[in-house]
Amino acid sequence: LFYVVRESIQDLDEDGEYHAVVEELSVNEDRKDYTIQKTCKSSFGFEGDSKGFEGAVGMKSKSGELYLLGLCEGNHCREGKIGKERGNGRVVVLRKTTSETGCSWDAVTTLSLPSDASFQDYSAISVNDEGRVAVTSQEDSALWTGYLTLDEEGFFDPEIAEFKTDKIMNFPRDDECRMVYCNIEGIHWVGENQVVAVSDKMKNRGKQDFRCFDLDQSIHIFALP
């Protein structure tokens with residue numbers, strides 16, 4: 001079973017507000033397609049459809065309960081000028097509930113990233129088994145690494161969870177220190193000091209520098225110092 005988070009969608013049937021939607025997918029036997037088994041709305045609301053959960057990671061508690069940690073794209077989980085107030089990254093902890101009327105992922109708590117993760121936006125998150133965290137920024141072409149506090153046995157506990165800083169690094173620049181990794185929107189730990197990143201398509205109509213083209217829509221592996 002795979003969990004896919006759709007960033008922010010307007011609920012036209014109920015309150016008209018914007019919420020992330022979590023889809024539970026299973027791969028078909030032919031391995032060529034998938035089936036959506038269940039769709040559940042998140043209780044956490046957003047201001048529109050452009051700045052929702054830009055990344056998510058699953059964590060299990062000691063009892064086996066699954067939590068989803070949703071990384072807000074905008075600072076304060078907001079859009080506009082407030083969403084660009086650097087150093088206010090947020091991760092929303094969600095827990096699934098079910099009833100006769102359906103299911104939802106309810107917000108349990110909101111964790112703050114350390115203020116030295118002073119990014120304009122937040123584009124992806126990864127947490128390994130030891131609680132080591134990687135968070136990227138597309139706008140700043142940068143990587144924050146740190147640690148998520150786990151319990152004594154290495155399980156997630158929303159009561160004690162907090163982020164602590166390790167390092168802040170830029171993705172490689174060109175010879176004149178200009179950004180070339182302009183669209184990092186995926187990150188994953190593949191070793192103790194190694195991550196794999198994924199770049200989205202370059203924005204068209206002059207919204208991004210031409211130097212962003214060569215490395216868009218690509219997979220990159222980085223060794224961390």
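These legends describe close-up views of a predicted model. Residues are numbered from 1 along each chain as its sequence is written, and side-chain values use heavy atoms, with hydrogens and water left out. Local features need pLDDT of at least 70 and side-chain atom pairs pLDDT 80 or more, while totals for chains, interfaces and linings use all residues.

View 1. A cavity is a set of points on a 1 Å grid over the protein atoms alone where a 1.4 Å probe fits but cannot get out; lining residues have an atom within 4 Å of a point. Grid points are joined across faces, edges and corners, and a volume is the space filled by probe spheres set on the points. One cavity of 30 Å³ or more is found in the whole structure. The largest cavity holds about 30 Å³, and its lining consists of Val5, Ala20, Val22, Phe53, Ala56, Leu68, Gly70 and Leu94.

**View 2. Asn75 in its loop.** Asn75 sits in the loop between β5 and β6 (90–99); strands are DSSP runs (E, at least two residues), numbered from the N terminus. Asn75 is buried, at 0% relative accessible area (buried means under 20%, with a 1.4 Å probe and protein chains only).

**View 3. Around the side chain of Asn75.** A polar atom of the Asn75 side chain lies 3.1 Å from the backbone oxygen of Phe119. The side chain of Asn75 also reaches the backbone oxygen of Gln120, at 3.2 Å. Beyond neighbours within four places in sequence, Asn75 is in contact (heavy atoms within 4.5 Å) with residues including Ile82, Arg86, Asn88 and Tyr122.

Notes. 1 Å grid on protein atoms, 1.4 Å probe; cavity = no way out; pocket = protein on both sides within 12 Å on 5 of 7 lines; lining within 4 Å. Helix = DSSP H or I, 4+ residues; strand = E, 2+ residues; numbered from the N terminus. Buried < 20%, exposed > 50% of the residue type's maximum accessible area, 1.4 Å probe, protein only. Polar contact = N/O pair within 3.5 Å; in protein donor to acceptor, adjacent residues only side chain to side chain.
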